[in-house]
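Visitor: I have a structure to go through with you. Could you show it, please?
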Amino acid sequence: MEERIDADDARVRVYSLRPEPFAALRGWLDEVESFWADQLGAFKAHAERTRGTKPSGGRKS
């Protein structure tokens, strides 16, 4: 974060974020997004494949 104070008005402060620290965060988010996209895609395929079938075993009510 960088702070810049307006020379004409001491009440004004402008803050800006440097993009460099966010590169590592973006890389991590890309990995997490890819992982979950794969997992949710597999879950969706499983749910569609087994739609309408009764689970075997398990508890009886």
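Visitor: Which helix gives the largest share of the nonpolar patch?
Guide: Helix H1 (residues 21-50) does, with four residues. Helices are DSSP runs of H or I with at least four residues, and strands are E runs of at least two, numbered from the N terminus. This is a predicted model, in which local features need pLDDT of at least 70, side-chain atom pairs count only at pLDDT 80 or more, and totals for chains, interfaces and linings use all residues. Residues are numbered from 1 along each chain as its sequence is written, and side-chain values use heavy atoms, without hydrogens and water.

Visitor: Which residues make the patch?
Guide: Met1, Tyr15, Leu17, Phe22, Leu25, Trp28 and Leu29 make a nonpolar surface patch of about 770 Å². Patch residues have over 30% relative accessible area and no salt bridge; nonpolar side chains (Val, Leu, Ile, Met, Phe, Trp, Tyr) are joined within 5 Å, like charges within 9 Å.

Visitor: Where is Met1?
Guide: Met1 lies in the segment before strand S1 (2-5).

Visitor: On to charges: how many salt bridges are there?
Guide: The structure holds four, each a side-chain nitrogen of Lys or Arg within 4 Å of a carboxyl oxygen of Asp or Glu. In one of them Glu3 pairs with Arg13, with the closest N and O atoms 2.6 Å apart. That pair links distant parts of the chain, as Glu3 is in strand S1 and Arg13 in strand S2 (residues 13-16), ten residues apart.

Visitor: What about Lys44 and Glu48?
Guide: Their side chains meet in a salt bridge at 4.0 Å, N to O. Both residues lie in helix H1, four residues apart, about one turn of the helix.

Methods. Accessible areas come from the Shrake-Rupley method with a 1.4 Å probe; for residues, only the protein chains shown count as cover.
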